[in-house]
Amino acid sequence: MKKQLVGVLGAMILGLASEAAFAADVDAGPAAYDWAGPYIGVQAGYGFGDTSHGTNDFDLDGWAGGVTVGWNYQLENL
(Lines give C-alpha, C1' and ligand atoms only; values in the text may rest on other atoms or scores of the structure.)
Protein backbone atom coordinates (compact mmCIF):
# COMPACT_ATOMS: atom_id res chain seq x y z
CA MET A 1 0.00 0.00 0.00
CA LYS A 2 2.80 2.41 0.88
CA LYS A 3 4.62 1.60 -2.38
CA GLN A 4 1.50 2.42 -4.37
CA LEU A 5 1.03 5.71 -2.50
CA VAL A 6 4.66 6.68 -3.08
CA GLY A 7 4.33 5.76 -6.76
CA VAL A 8 1.16 7.84 -7.20
CA LEU A 9 2.68 10.82 -5.39
CA GLY A 10 5.85 10.54 -7.47
CA ALA A 11 3.84 10.49 -10.69
CA MET A 12 1.86 13.54 -9.56
CA ILE A 13 5.04 15.46 -8.75
CA LEU A 14 6.56 14.61 -12.12
CA GLY A 15 3.34 15.63 -13.87
CA LEU A 16 3.21 18.97 -12.09
CA ALA A 17 6.88 19.65 -12.83
CA SER A 18 6.38 18.97 -16.54
CA GLU A 19 3.32 21.23 -16.65
CA ALA A 20 5.33 24.08 -15.12
CA ALA A 21 7.99 23.65 -17.80
CA PHE A 22 5.38 23.82 -20.57
CA ALA A 23 3.72 26.87 -19.02
CA ALA A 24 7.05 28.74 -18.90
CA ASP A 25 7.49 28.24 -22.67
CA VAL A 26 4.20 29.93 -23.59
CA ASP A 27 4.34 33.52 -24.87
CA ALA A 28 1.65 35.45 -22.98
CA GLY A 29 1.44 38.25 -25.59
CA PRO A 30 0.28 41.75 -24.70
CA ALA A 31 -0.78 42.38 -21.13
CA ALA A 32 -4.10 44.10 -21.92
CA TYR A 33 -6.54 44.43 -24.79
CA ASP A 34 -7.17 47.86 -26.30
CA TRP A 35 -10.94 48.38 -26.55
CA ALA A 36 -10.65 51.71 -28.43
CA GLY A 37 -12.32 51.95 -31.82
CA PRO A 38 -15.66 52.06 -33.61
CA TYR A 39 -18.57 49.72 -33.07
CA ILE A 40 -21.98 49.14 -34.60
CA GLY A 41 -24.86 47.05 -33.35
CA VAL A 42 -28.32 46.04 -34.48
CA GLN A 43 -31.15 44.80 -32.29
CA ALA A 44 -34.57 43.47 -33.14
CA GLY A 45 -37.45 41.96 -31.25
CA TYR A 46 -41.12 41.16 -31.37
CA GLY A 47 -43.69 41.72 -28.67
CA PHE A 48 -47.25 40.55 -28.39
CA GLY A 49 -50.20 41.08 -26.14
CA ASP A 50 -53.83 42.08 -25.88
CA THR A 51 -55.60 44.47 -23.57
CA SER A 52 -59.01 46.02 -23.18
CA HIS A 53 -60.17 49.31 -21.78
CA GLY A 54 -63.90 49.57 -21.32
CA THR A 55 -65.52 48.32 -24.51
CA ASN A 56 -62.36 48.81 -26.64
CA ASP A 57 -59.95 45.93 -27.32
CA PHE A 58 -56.35 46.68 -28.28
CA ASP A 59 -53.89 44.40 -30.07
CA LEU A 60 -50.33 45.12 -28.87
CA ASP A 61 -48.43 42.90 -31.35
CA GLY A 62 -45.51 44.47 -33.17
CA TRP A 63 -41.85 44.62 -34.07
CA ALA A 64 -39.24 46.78 -32.39
CA GLY A 65 -35.69 47.42 -33.46
CA GLY A 66 -32.83 49.82 -33.59
CA VAL A 67 -29.24 50.54 -34.51
CA THR A 68 -26.40 51.52 -32.19
CA VAL A 69 -23.28 53.26 -33.49
CA GLY A 70 -20.42 54.63 -31.40
CA TRP A 71 -16.75 54.95 -30.69
CA ASN A 72 -14.86 53.70 -27.63
CA TYR A 73 -11.83 55.58 -26.36
CA GLN A 74 -9.57 53.94 -23.79
CA LEU A 75 -7.51 55.98 -21.31
CA GLU A 76 -4.49 53.99 -20.13
CA ASN A 77 -5.89 50.99 -18.17
CA LEU A 78 -9.34 52.49 -17.57
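User: How many bridges join strand 2 to strand 3, and do the two run parallel or antiparallel?

Analyst: First, the terms. Strands (E, at least two residues) and helices (H or I, at least four residues) are DSSP runs, numbered from the N terminus. Two strands pair if DSSP finds at least two bridges between them. Here strand 2 (residues 50–53) and strand 3 (residues 56–59) run antiparallel and are joined by 4 bridges. Thr51 has Phe58 in strand 3 as its bridge partner. The two strands form a hairpin with 2 residues between them, and Gly54 in the turn has a positive phi of about 70°.

User: What should I know about the model before reading on?

Analyst: This is a predicted model, in which local features need pLDDT of at least 70 and side-chain atom pairs count only at pLDDT 80 or more, while totals for chains, interfaces and linings use all residues. Residues are numbered from 1 along each chain as its sequence is written, and side-chain values use heavy atoms, with hydrogens and water left out.

User: In what order do the elements of the protein run?

Analyst: From the N terminus on, the order is α-β-β-β-β. That comes to 1 helix and 4 strands.

User: How do strand 1 and strand 4 pair?

Analyst: Strand 1 and strand 4 pair in the antiparallel sense, over 11 bridges. One example is Val42, whose bridge partner in strand 4 is Val67. Asn72 also has its place in strand 4. The C-alpha atoms of Asn72 and Gly37 are separated by 5.2 Å, although these residues are 35 apart along the chain.

User: Which residues is Asn72 in contact with, leaving aside its neighbours within four places in sequence?

Analyst: Contact means heavy atoms within 4.5 Å. By that rule Asn72 is in contact with Trp35, Ala36, Gly37 and Tyr39, once its neighbours within four places are left aside. For the protein, 50% of the contacts with a separation of 6 or more are between residues 24 or more positions apart.

User: Why does strand 4 lie largely in the open?

Analyst: The idea rests on relative accessible area: under 20% is buried, over 50% is exposed, and in between is partly exposed (1.4 Å probe, protein chains only). Strand 4 lies largely in the open because the number buried among its 11 residues is 1. Val67, found in strand 4, is exposed at 59%, whereas Asn72 is partly exposed at 35%. Of the 78 residues of the protein, 3% count as buried.

User: Which residues form the nonpolar patch on the surface?

Analyst: Like charges are joined within 9 Å, and nonpolar side chains (Val, Leu, Ile, Met, Phe, Trp, Tyr) within 5 Å. Here Ile40, Val42, Val67 and Val69 form the patch, with about 460 Å² of accessible area together. Strand 1 (37–47) and strand 4 (62–72) each supply at least two of its residues.

User: How many aromatic pairs does a search of the whole structure find?

Analyst: A pair of aromatic rings is described by the distance of the centres and the angle of the planes. Rings of Phe, Tyr and Trp (its six-membered ring) pair if their centres lie within 6.5 Å; planes under 30 degrees apart are stacked, over 60 edge-to-face, and the rest tilted. The search finds 1 pair. Tyr46 and Trp63 are edge-to-face, 4.9 Å centre to centre with 65° between the planes. Tyr46 is in strand 1 and Trp63 in strand 4, 17 residues apart.

Conventions:
Patch = residues over 30% accessible without salt bridge, like charges linked within 9 Å, V, L, I, M, F, W, Y side chains within 5 Å. Areas by Shrake-Rupley, 256 points an atom, 1.4 Å probe, with all protein chains shown as cover. Salt bridge = Lys/Arg side-chain N within 4 Å of Asp/Glu carboxyl O.
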